[in-house]
Structures are given as C-alpha cells and as structure tokens.
Amino acid sequence: MKKTLKIDPVTRIEGHAKVYINLDESGKLENAGLVVNELRGFEKILIGMEADRMPHITARICGVCPTAHHLAACDALDRAAGVTPPPAALLLRELMYLGHLIHSHSLSIFVLQGPDLVLGLDSDPASRNIVGIVQANPELARIALRLRTIGQKINEMVGGRGTHPVTSVAGGIAFTLDQEKEKALKEWVDEARGLLPAVVPAVKGLLLRALELHPAMGAEWVVPSWAMGTVKDDAVSLIGGRLRVIDETGATRLEFGIEEYDKYLLESVVDWSYMKKVGINLEGGLHDYRVGPMARMNVARRFGTELADAELAEFTALGGWPCHTTVFQTYAKLIEIVWAIERAGEIVKDKAIHGETRIPVRFKGGRGVGHVEAPRGTLIHDYQIDERGIVRAANLIVATQQNYAIINRSIEQAARSHVIDRPDDRALMNAVEFSIRCYDPCLSCATHAVGRMPLEIAISRGGDAVRTVRR
Amino acid sequence: MQLRDRRTVVICIGNELIADDAAGYEVYCRLGAVAARVEYCGVGGVDILPLLDGETDLVVVDAVQLGAAPGTVHLLAWSELPQSGPEISAHGLGLREAIEIGRILTPEQVPERVTLVGIEGRCFNRTREFMTREVSQAIDRAVAAVRGLVEGGHNE
C-alpha cells in the first residue's frame, strides 16, 4: 500500500507547514490535518540554565508573542519563589501586555487576515498581499498600522524593548514610571481610543461581507467544542486568575488554579507531527478544546469595560453563545483590541501604578507553574527549580497545541466546502489557509506569512497521492 | 530648512544574534558619526516606516541573499531592488513593499531616493559567533559604502 503522507525534505525547514487531505476510494473526505515539520526543543534547552534567565530566554521562542512568554515565565518564577509582586508591578506587567495584545491582534487581523477580508478569498493572488490591502483601503490600513505601532510603543516603553521585552523579572518589574513616560503612555492610549470609532465598524463590515460571499464560512465552518480561558472577577483576564472550562453547550465543567493544570490537561505525542496535542481529561473522557479570543469570550462572557461589553453583546447577537463559528475569531480579536485599549486607559490613570515595583526573590528549590492568556490562548510555563536557582525540568504548553485538534477539524470543513470536487488549486489554498489563519497558529514563523503562507497540501485518494499543491 | 537641502536617514536592519543576519547591526555599531540620522531596526518590514521623518534620502543596510559570493557588498538603487516573491512575510516584507506602502499612506515622510546597501550572507540559521568570515570582512566595506552615500547625497 502506498503511503498517504510524504514529508518532503524541501518542506522540512523551520516554519513550513504541511496539510494532508485524505479521501476514500469514492472521493469522500476521510480526514485532514496540519503537520508541523519542525522541532525546536526549547523544553530541553532550558535545563541547566539559571531560573532568572527564563523570562529572557523563553521570550526568544517567538517573535510574534515574546511578551506572553516573558510574563508567563515571570509568573512561574514568582510562584516557585513563593512571592507576590507589588501591585504596581502587576499593573505595569499588565500594561506592557495590553500593548502587546493590541499590536499582535492588529497584525493578525489587518496584516495576516487582511488580504482575505479586504480583498476577498477569491481575489487574484498577485494582489493578495499587504500592498494590495493598502491600495484597496488606505484609510483602514493607515489606522490599522497606527494601532499596531501604538501597541508596540506601549510594549516597548514598559518592556524596555519592542520585540523581546526585558524588564519583567521574578518578584516584579525593573521599570518605574516617570512623568514623561506617563504622559506619553496616556497620549498613546487616548490616540488609540480615538481610532476605534473608525476601525470597529470597518472590520465588522468586512467580516459580514466575507460571510455573505462565502456562506459556507457561517453555515458549515462551525466547530462545536469545549473551551478554556482565564477568568478573574468573573471577567476575561490576561494575567492572573483561574482557568475555567466550558463544554460545547456553555456549561461550566471545571475551574482550577494553574498549579493543577497537569491534573486536567493531557499532552500527547502524535507520530505524524512534531507538535504535541493537548486534551482536557475529565471524568474518563479526553475532550478537544479551543483557547484564544473566542474561547475567552465564550468562557467569561464579560470584559468589564463599557465599549468592549457593548461590542460583546453585539457579537453574541450575531454569532450566538457559545459561539463555535471559526471566522468569528476575527471579531473576537477586534473586541479584545477595544477592551485592551479601555483597560490600558484604566491602568495609566490608576495611582497604584506609582508604587514599589520589585521585591527580592530567592529560590529555595521547588516547582513553579505560571500562565498568561497569550493573544492566541492560554500559555503555561512549568519549571522545576533547584535550591541553587537552576532549572532542572521545564514544560511549556502553548496555545496552538491546545487548538490543534480544532484546527484540524476546521481544515476538514474547509476541505469539504472548498476542495472536494473542485479542481481549482487557488480556491483550495485560500480556503484551507484561511481556516488555519482564523486560529492564528504560531508555528514559530510559518504563519507570519502575509498573503500566503509557505504551505504544502497533499491530497490522496484511497491511499494514493493524487495531487500535491505547494508554494 | 531650504528646499534643496538633502537630509539622509540610515536604517540598519538585522537580528544581532544571528550569524550573517547581524551584518546590518555590525554596520550600525561601527558607523560612528556621519552626517545622517542613524537608526537600528531588528526586523525591518513596515516597522521602518515610523523611523522615517521626511528625509530626502534613505540608505538601508541589511544582509541579503541575491546569489552572489558571501561578503559581496551590493549597492542597489530603488529601480534595482528585488521584488519579494509571493511568500512575503511580516518578517521578510521587502524593503520595496514597505516603501510602496509608505508612499501610499504617508507620502510626505518617505524619502525620494532609496538605496540598499546589501551585504551578501550565507549563514542565517546559526548564532552570532558563526558569522561567515567573508561577511565579517565585508563590514568595513559596507560602512565605507554607507559613508560614501551619505556624503554623496549631501553634495548634490
């Protein structure tokens, strides 16, 4: 029997993804999924390093979400040392992170998904790139790029560096706010807020148009699943809080502190991909689940700020609750941008931000598990640290691993509606890619791709390869 | 400011931790005082746009892979800049595309003359200490090329 899946050495370089689509003899879809051909091995690289370095080293895992790793590592170190950073430090960490979220979501919506939304899934690939978006809608592009820049500036000022921040440390943050910086931060937040009335309706309009043009997106690209997210004061929280799990009907099935994560989240190795998948292990069953913006909204149902909650009500009216329609991820990201700007506004006005920002830390030996809600979903860092402050074991669970099963189901749906019996490679690529991109997966670099991602799709029928599409 | 005045901004691009990709960062460190504003930018792409301040001339320094021998210092004018393939990324967004976006969105900020000083690299998948010998030896030549461009721009 011929092998269904062939990993081409050409694609075995960092950041490339491969999608397989298997059809049975009659041409019906058997299964489809995403294969990650890269192995990075950070969990092993970290062993033997000083724990203090984790926030800086792990930030380098990724150029897209470095701030998430930076802060998840700090949270783990705080817990390993048994300290709680001062209130000002927690507020400043959160502010840094909100800047990062604004930056990351703006990039994801406008730059990565933008070509599909602004230009349409069926547009000419030659113009489906960022220059094409800018030409098609310069006003929106200007605002989007400005929002991205403001997010990055906030992240950079508080984090000390734009891309790989350095200021957050075990026990707090090595940053204090002076008058000049406070003034700049307030101005940026005000400016970002001023951009919202133009940007929110524009993105919503694009999304609704995409749904009109591709009814399958709304009707068929629906993946009912469990969801997990961090909740604090009964609202979405990026930093700190407890994890809540709901099932596909919205019923709360579980709530736990992060130190218990390995009781419920089960990582498993699959033999066809370097990415480990994660399921929720509860009452004898293993459940696929979703993390990320839409999961957070489904789980918490509240942001606690005026504009974001008003937008959330509109989202629920359009997409229902709990929402399982893949494309609504984009809307969820938009609402999180609104919330992040409002919340950043609250923090820069909070007097507590001027207090002490750091307390001394000593590792006495033990384990520390920390977490943040990364832009793409729950991120967990787990370290075993010895009495000399050296990392002896490390485990990291990132959002994309947790979304893996759901991403694969979305690919199957896109394959059903856009691939089967349709010989057009372009429509196939666009549809499969769009369905993946709704989750904004971070395979380190692969999905940075603007316009197109480096992708190979292998289609086989009855075990025989019938077509390989590559770019 | 007189209309005929020429002002130059030099933007050096590259990851200071990656072998040959650090070429732009090395040039940035060695450039010293020149008659231009000098900026460093880790990944380039659209992030260079906020660094422009209405100068007339832009010199971009970056490691390139154009198929020449490692250490070759390319001096490319706007019309000779390579166009990115379809697999452009937020990281690899070409200089040409970034400038085109800038010309649509903020024409008043974007320099009329753009020149790339490209240092041909070979090793982009190892750490800083593995910079190709030919590339390390090319840094001073690249610095001289940048200085020549800055001075030339002002003489016009």
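Guide: Let's begin with a rule for angles: two axes that cross at 65 to 115 degrees count as roughly perpendicular. Keep in mind, too, that this is a predicted model.

Our part is helix α11 of chain A, which spans residues 293-300. This helix is mostly covered, with eight of its eight residues buried. They are A:Pro293, A:Met294, A:Ala295, A:Arg296, A:Met297, A:Asn298, A:Val299 and A:Ala300. After α11(A) comes A:Arg301, which has a positive phi, near 60°.

Now for a neighbour. The axes of α11(A) and α13(A) cross at roughly 75° and come within 8 Å. The two helices are therefore roughly perpendicular to each other. On the α11(A) side, the meeting involves A:Pro293, A:Met294 and A:Met297. On the α13(A) side, their partners are A:Phe328, A:Gln329, A:Ala332, A:Lys333 and A:Glu336. Sorted by class, the residues of this contact are five nonpolar, one polar and two charged.

Helix α13 of chain A, residues 328-349, also meets helix α8 of chain A, residues 179-213. Here the axes come within 9 Å and cross at roughly 160°. That angle makes α8(A) roughly antiparallel to α13(A), and the crossing is left-handed. From α8(A), the residues taking part include A:Leu185, A:Val189, A:Leu196 and A:Val203. Those of α13(A) include A:Tyr331, A:Leu334, A:Val338 and A:Ile341. By class, this contact has 13 nonpolar, two polar and four charged residues.

Elsewhere in chain A, strand β14, residues 377-385, holds A:Tyr383. A:Tyr383 is buried, because 27 other C-beta atoms lie within 10 Å, and 20 or more count as buried. The C-alpha atoms of A:Tyr383 and A:Ala76 are separated by 7.0 Å, although these residues are 307 residues apart along the chain. Setting aside neighbours within four places in sequence, A:Tyr383 touches several residues, among them A:Ala51, A:Met54, A:Ala76, A:Arg367 and A:Val391.

Let's step over to chain B. Chain B has three helices and five strands, and from the N terminus on they run β-α-β-β-β-α-β-α. Of the 156 residues in chain B, 45% are buried. Among contacts in chain B with a separation of 6 or more, 77% join residues 24 or more positions apart.

One helix in chain B is α2, residues 95-105, where B:Leu95, B:Glu97, B:Ala98, B:Ile99, B:Ile101 and B:Gly102 are buried. The buried residues of α2(B) pack against β3 (57-64) and β5 (113-120) of chain B, and also against α6 (130-136) of chain A.

Finally, the largest nonpolar core has 182 residues, and A:Leu92, B:Val61, B:Ala142 and B:Val146 touch the most other members. Helix α4 of chain A, residues 87-112, gives the largest share of this core, with 15 residues. As for B:Val61, its contacts, not counting residues up to four places away in sequence, are B:Val10, B:Cys12, B:Ile13, B:Gly24, B:Val27, B:Val117, B:Ala142 and B:Val146.

Conventions:
Residues are numbered from 1 along each chain as its sequence is written. Chains are lettered from A and ligands numbered from 1 in the order in which they are written. This is a predicted model: local features need pLDDT of at least 70, side-chain atom pairs count only at pLDDT 80 or more; totals for chains, interfaces and linings use all residues. Axes are lines fitted to C-alpha atoms, for helices over the stretch in contact, and angles run from 0 to 180 degrees between N-to-C directions. Helices (H or I, at least four residues) and strands (E, at least two) are DSSP runs, numbered from the N terminus. Angles under 35 degrees count as roughly parallel, over 145 as roughly antiparallel, 65 to 115 as roughly perpendicular and the rest as oblique. A crossing is left-handed if the near helix is turned anticlockwise from the far one by less than a right angle, and right-handed if clockwise. Two residues are in contact if their C-beta atoms, placed from the backbone, lie within 7 Å. Ala, Val, Leu, Ile, Met, Phe, Trp, Tyr, Cys and Pro count as nonpolar, Asp, Glu, Lys and Arg as charged, and the others, Gly among them, as polar. A nonpolar core is a set of buried Ala, Val, Leu, Ile, Met, Phe, Trp, Tyr and Cys residues joined through C-beta atoms within 7 Å. A residue is buried if 20 or more other C-beta atoms lie within 10 Å of its own, exposed if 12 or fewer, and partly exposed in between; C-beta atoms are placed from the backbone.
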